[in-house]
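Subject: Structure handover

Hello,

Here is the structure I promised to pass on. Please open it first, then read my notes below.

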Amino acid sequence: MNALDRLIAWFSPERGYRRSMYRDAFERNYDASRTDRRNENWVPVSATAEATDAGHRDLIRTRARDLERNNDILESALLALERNVIGSGFVPQATIKTASGEDAKDINDRIEELWRSWSEGESGGFPCDATDMSSFDEIQRILLRRQVVDGETFVHLVGTDDEIPVRLQILEPDMLEPGLSEYQGRKILGGVEISGTYAPVAYWFRPDIEKDPIRVERRNLIHMLVKHRGRQTRGVSAVAAVLQRIRDTGEWIDAELMASRIAACYAAFITTENPQSMGRTTQDAEGKRVETLEPGMVKYLRPNDKASFSTPGHPNTTADAFVRLMSRLTGAGLGLSHEVVSRDLSGVNYSSARQGHLEDRGTFRAMQKHQILHLCYPVWGVWLDACVLRGLVHIPDYWKKPRLYRKAVRWVTPGWSWIDPQKEATAAATQLSTGLTTLSEICGSQGKDWQEVLSQLAKEREFAASLGLQLKFDVGGGVSDDDEGDSEQKPWE
């Protein structure tokens, strides 16, 4: 009740009461907007994305990094993302076609061979990495982790004198210069120079505090972040919403462990008229008394002393349920299930495990697509340009339609194994036979390329035939027409 309401109620309690009732009814249209005593301290400020994040972004990032180093719950979630999103890495398959619309197999094979040499390295070196220490798959894992923990990360496309003159240099957000506000009439927000439509134009880095900041144009840099607001220019740690919960859970577990250790040191308590120390009394180097306790310790009694034995309440019998709840809430805040974060499958069956895994796959696929769109495609385009310029790949009309050729690639992401192979295989065969799915989708869900699968299958059939064997693949338990009447199905005959 504000001052005006109190004044009206003082002169006319009836009118004051009616006024209060009408206001309460009006506010109840949205409970979230009520300003009664329960919500009177909840008055957030509406501001732009940069104004909201700028004052808290760095502190959240450093706290997230601290938990990354010291908290097993967060580390488990990060490892789960690395395993399922990046896994063994993304494999590019060039899909350039000839003028007649057929696959340009020789060109595509050459491009893929060059990519493997550049991305995976040879003789102990990694030509894709500016530090010469990481493969492209390992760089992807670093970028994914930094994007989740730090909220954003950067990849600088560096020109070199190598055979393929492109290397990737990872830059961290700490290197951005936040002190600049304008350059040639353009705004700079948190080190990001933007246009009138808030599109990034360049980035200002200060690698050395004693030197002037360096301006890097956007075309030479990849900014990895997930935007949540239209005019957002910088990223905030993806674990910000669950950061406090993760820390509290870790500290609670530490406190419970300490309480259990202390409780284990007390075996009996003595009630006496002659107070004395329960522990063993010694003196330190400064002559101060030091009390020491040992597990299972019992103190001898004096006459008339009484002993009562300890019944400690630790370890806490509810600890497991509490930690499971915190793990479940933490996973939910990151788009993951409790099972994938904790690796605890004790409370699931086939149906619940499959449903949870499908939900997790939705999170993983979205993150995989983000990596492909914001990292793989840009790197591939610059890398392919360099290969053509160096004459390593010969495509006659490449510079007439470079954007078409840069997009002529399919990225095969790592898949996931089936929970129950027999059930899943039967379901896949049914969907395939009824036209509800394709071989490409089925193979893609397992991280395989359907063309390679068919090619390998043909090779195996041909080799088996050269040995006088005929391979049979019994899909969904069915039997082919020419096998009717056979009493036994064998993989070959």
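I start with the pocket. In the largest pocket, the lining residues split into 13 charged, 11 polar and eight nonpolar. Please keep in mind that this is a predicted model.

**The pocket**

The volume of the largest pocket is about 780 Å³. Its lining counts 32 residues. Nearest the centre of this pocket lie Pro 92, Gln 93, Glu 112, Asp 449 and Glu 452. Five elements each give at least two residues to the lining: strand S1 (91-94), helix H6 (105-120), helix H7 (136-150), strand S14 (409-412) and helix H15 (450-466). Which of them gives the most? H6 does, with eight residues.

**Salt bridges**

Side chains of opposite charge can pair when their charged atoms come close. The model holds 26 salt bridges. Some of them join up. One network of salt bridges links Asp 58, Arg 61, Arg 65, Glu 68, Glu 75, Glu 82, Arg 145, Arg 146, Asp 150, Glu 172 and Asp 174.

Asp 58 is partly exposed, at 42%. Asp 174 is partly exposed too, with a relative accessible area of 39%.

Another salt bridge joins the side chains of Arg 215 and Glu 217, at 3.9 Å from N to O. Arg 215 is partly exposed, with a relative accessible area of 26%. Glu 217 is also partly exposed, at 33% relative accessibility.

**The five-stranded sheet**

Five strands make an open sheet. The order is S4-S5-S6-S7-S8, and the pairing is antiparallel. Which strands stand at the edges? They are S4 and strand S8 (214-217). Each has a single partner strand, so one side of each has no neighbour in the sheet.

Here is the walk across it:

- S4 and strand S5 (residues 186-189) run antiparallel and are joined by two bridges. Glu 182 stands opposite Lys 187 in S5.
- Strand S6 (residues 192-194) and strand S7 (residues 200-205) pair antiparallel over three bridges. Val 192 has Tyr 203 in S7 as its bridge partner.
- S6 and S7 form a hairpin, with five residues between them. In the turn, Tyr 198 has a positive phi of about 65 degrees.
- S7 and S8 run antiparallel, joined by four bridges. Tyr 203 has Val 216 in S8 as its bridge partner.

**Strand S9**

How many residues of strand S9 (residues 221-225) are buried? Five of its five are. In a regular strand the side chains alternate between the two faces of the sheet. Both faces of S9 are covered. Leu 221, His 223 and Leu 225 are buried on one side, and Ile 222 and Met 224 on the other.

S9 runs antiparallel to strand S2 (residues 152-159), with five bridges between the two. Within this pairing, Val 155 has Ile 222 in S9 as its bridge partner.

**Where to look first**

I would open the view on the pocket centre, where Glu 112 and Asp 449 are among the nearest residues. Finish on S9, with its two covered faces.

Best wishes

How values were computed:
Residues numbered from 1 in each chain as written. Predicted model: local features only at pLDDT ≥ 70, side-chain atom pairs only at ≥ 80, totals over all residues. Heavy atoms only, no water. Salt bridge = Lys/Arg side-chain N within 4 Å of Asp/Glu carboxyl O. Buried < 20%, exposed > 50% of the residue type's maximum accessible area, 1.4 Å probe, protein only. 1 Å grid on protein atoms, 1.4 Å probe; cavity = no way out; pocket = protein on both sides within 12 Å on 5 of 7 lines; lining within 4 Å. Points joined across faces, edges and corners; volume = space filled by probe spheres on them. Nonpolar A, V, L, I, M, F, W, Y, C, P; charged D, E, K, R; others polar. Pairing = 2+ DSSP bridges.
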